[in-house]
Amino acid sequence: MRLFIIIILALPVSAADFGIRYLSTYIKDSGKIEVPSSLGFGATAEVIWSRNLSTQLAGTFVQPAAILTSSNTDLGTIDMDVVSLVMRYRARDGSRFSPFAGAGAAVVFLGDLDDRFGNDIEAELETQTSLVVEAGVRSRISPRLTLEAAAMYLPLEPEVRVRRNEGSAAIPPVITLNPIVVSIGISRRF
């Protein structure tokens, strides 16, 4: 990680982009806790180091619902706040369409599970760090505005710490989320 930071600090900055995203999250079937797809938003800051390399810092915010499948209990929403730092390689930068791919790391802050229509279940999900891979395409609208469509994948298996389970529901000790975040956004270059 230190080597990654040293390399980033050694590169000269060419430009910077700031943007916003509208996104949808698709979560793999987690077994005992069903987490349907959800919509959210995000904000990005990207530093362009050279014609093909950039680093993007992104914050995405999603609130998917959580349902305990064994008893069909609504557990409210899982507040999923993802802060990611991704190094991107951009092919054909400067052309009208520029595909990109990247990899990096993310910190994922997850909210609590709470029985919405009773006080039987309370559990918290641990904060996770994860690897991130992404791919997408950028389309230049004008010299300073860019439209971007991207897909990001982060493997997540947070532990569930049960604080209260009065109904003795079968709450798993770990849930598998593995979200794929599909986003569309616009950014402005400065």
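A search of the whole structure, which is a predicted model, finds 1 aromatic pair, where rings of Phe, Tyr and Trp (its six-membered ring) pair if their centres lie within 6.5 Å. The rings of F41 and F61 have their centres 5.3 Å apart and their planes at 40°, so the pair is tilted, given that planes under 30 degrees apart count as stacked, over 60 as edge-to-face and the rest as tilted. Distant parts of the chain are linked by this pair, since F41 belongs to strand β3 (residues 38-48) and F61 to strand β4 (residues 53-62), 20 residues apart.

**Around the rings**
- F61 is partly exposed, with a relative accessible area of 32% (buried means under 20%, exposed over 50%, partly exposed in between, with a 1.4 Å probe and protein chains only).
- R88 lies over the face of F100, at 4.0 Å from the ring centre.

**The chain**
- The secondary structure comes to 1 helix and 14 strands, which are DSSP runs (helices H or I, at least four residues; strands E, at least two) numbered from the N terminus.
- Of the 190 residues in the chain, 43% are buried.
- Among contacts (heavy atoms within 4.5 Å) between residues at least 6 apart in sequence, 66% join residues at least 24 apart.

**Y22**
- Y22 lies in strand β1 and is partly exposed, with a relative accessible area of 49%.

**Basis of the values**
- Residues are numbered from 1 along each chain as its sequence is written, and side-chain values use heavy atoms, leaving out hydrogens and water.
- Local features need pLDDT of at least 70 and side-chain atom pairs count only at pLDDT 80 or more, whereas totals for chains, interfaces and linings use all residues.

Key
A charge sits over a ring if NZ of Lys or CZ of Arg is within 6 Å of the ring centre and within 35 degrees of the ring normal.
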